[in-house]
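Visitor: I would like to understand how the words used for a protein model follow from its numbers. Could you take me through some of them, one at a time?

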Amino acid sequence: MTDLLWQKPGVRIDERIQQFCAGDDVVLDREFFAFDIQASRAHAQGLQRIGILSGEELAGIERELDALAADFHAGRFILDARFEDGHSAIEARLVERLGDAGRRIHTGRSRNDQVLVATRLWLKARLARVHALCLEVAAVSLDRAHAEAMLPLPGYTHLQRAVVSSCGMWWAGWAEAFIDNAVRAGDTLAWVDANPMGSAAGYGVNLPLDRDHATKALGFGRLQVAATYAQLSRGKFELAAIESLGSAVLDLRRLAWDLSLFTSAEFDFVALPAQYTTGSSIMPNKRNPDVIELMRASYPAVAAARTEIEQLLSLPSGYHRDLQFSKGAIIHAFGRGLGALELLPELLRNLQWKPEAMRAALDASMYATDLAVDLARGGVPFRDAYVQAADPARWEQGDPAASLAARTSPGAAGDPRLENLRERLSTLGKRA
């Protein structure tokens, strides 16, 4: 490992303690490294604006930061155990290449605000992706809701056959769910879009740092003004981002559950795209819905990360090393959650219904509610109509198309109001 930035003369470094303190930080920092380089550029520009760096020194730093970013993306520079973390790796590279100019880069800076700004930029990128994927899922669902509006599908409550439903209603539910998820991701993105750079260790520095320039250079929506709040927001903003992700992944879990049931031989309502299934190692007859099962299992990673960060926040104000563990939590949550969401739009585009099996599952009992409502419409008090319609002797196999068309309450098959959802989706797409 390179010399530690904080190492003091005559103090022996215990490797076991150092390993415990550093943990897997240098590996986790690979996720944030490109953003840390980006932030270092903005900080260097700010130092030049207040006379700490000369124009020539700034040009050299920007050149070397560009070279480091290119080397990192190409695999020529690997962030590994030679370094304590990503921040020290950037500084070590600049010192190696530029000497004193590299040694000036940390002026007015702390690793506390370095990790804050790099993490904040990372969260913004991940939330933007969640937002985009939710819009895409909503668009696919809405298109299929239009195309399959009156395709009969059994509706279930308590996993028991309940009433006649439709594929259009099934799709519309997911369309509106993911529109809401996109709204939440966008709102959370706007909330965390605050620049903590220049807060240093949480108390500012005795330099007129140009924090407004850094805010604009890094593309933040606003400056996080109070240096003390920059530290208080660490973990809090991560928690909000995870909750936003979790909202989408929870809906994904329920959708995956539907497909797990619908693809079983007992239902046989849906055929999945071949690439979304795998085979058994011993049973040659099997095709397993592994992808949707792993989609279903993705939420626990998000929930675990949320709990871990929430527990870390049992702290007084100011920076505490406990917060180091928040990095692994958010990487794990977004790795699992986004990984599952990335596969969802294509799955939804290509799954195929089996109309014959769905129609065969519509038994006479599923028209009993229609009968009760029809009797009530004719003047029979609903509770009396309910008793009459509960008699199996009165059940008759109905026409699913007529049942769906008669369901004229807003949001039901007879009045789906998909244009309202399309308008919301269009408005969100224009803001993206």
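**Reading the terms**

Guide: A search of the whole structure finds 18 aromatic pairs, where rings of Phe, Tyr and Trp (for Trp the six-membered ring) pair if their centres lie within 6.5 Å, and planes under 30 degrees apart count as stacked, over 60 as edge-to-face and the rest as tilted. This is a predicted model, in which local features need pLDDT of at least 70 and side-chain atom pairs count only at pLDDT 80 or more, while totals for chains, interfaces and linings use all residues. Residues are numbered from 1 along each chain as its sequence is written, and side-chain values use heavy atoms, with hydrogens and water left out.

Visitor: What makes the pair of Trp170 and Trp353 edge-to-face?

Guide: The ring centres of Trp170 and Trp353 are 5.3 Å apart and the planes stand at 85 degrees, so the pair is edge-to-face. This pair links distant parts of the chain, with Trp170 in helix H8 and Trp353 in strand S8 (residues 352-353), 183 residues apart; helices (H or I, at least four residues) and strands (E, at least two) are DSSP runs, numbered from the N terminus.

Visitor: How do you know whether Trp170 is buried or exposed?

Guide: Buried means under 20% relative accessible area, exposed over 50%, and partly exposed in between (1.4 Å probe, protein chains only). Trp170 has 10% relative accessibility and therefore counts as buried, and Trp353, at 11%, counts as buried too. Both belong to one aromatic cluster, formed by Tyr156, Trp170, Trp171, Trp174, Phe262, Phe267, Phe269 and Trp353.

Visitor: Why are the rings of Tyr229 and Phe237 called edge-to-face?

Guide: The centres of the Tyr229 and Phe237 rings are 6.3 Å apart and their planes lie at 70 degrees, so this pair is edge-to-face. Tyr229 counts as partly exposed because its relative accessibility is 28%, whereas Phe237, at 1%, counts as buried.

Visitor: What is meant by a nonpolar core?

Guide: A nonpolar core is a set of buried Ala, Val, Leu, Ile, Met, Phe, Trp, Tyr and Cys residues joined through side-chain atoms within 4.5 Å. The largest one has 81 residues, of which Trp170, Phe178, Met295, Phe334, Leu344 and Trp353 touch the most other members. Among the elements that give two or more residues to this core are H3, helix H8 (167-192) and helix H14 (326-350), and H7 gives the most, with 15 residues. A second, separate core of 20 residues includes Leu65, Phe83, Ala89 and Leu209.

Visitor: Why is H3 called roughly antiparallel to H4?

Guide: The axes of helix H3 (residues 33-49) and H4 come within 10 Å and cross at roughly 175 degrees. That makes H3 roughly antiparallel to H4, since angles under 35 degrees count as roughly parallel, over 145 as roughly antiparallel, 65 to 115 as roughly perpendicular and the rest as oblique. The axes are lines fitted to C-alpha atoms, for helices over the stretch in contact, and angles run from 0 to 180 degrees between N-to-C directions.

Visitor: How do you know whether Glu64 is buried or exposed?

Guide: Glu64, which is found in helix H4 (residues 55-74), has a relative accessible area of 9% and is therefore buried. Not counting residues up to four places away in sequence, Glu64 touches Arg93, Leu94, Arg97 and Leu98, where contact means heavy atoms within 4.5 Å.
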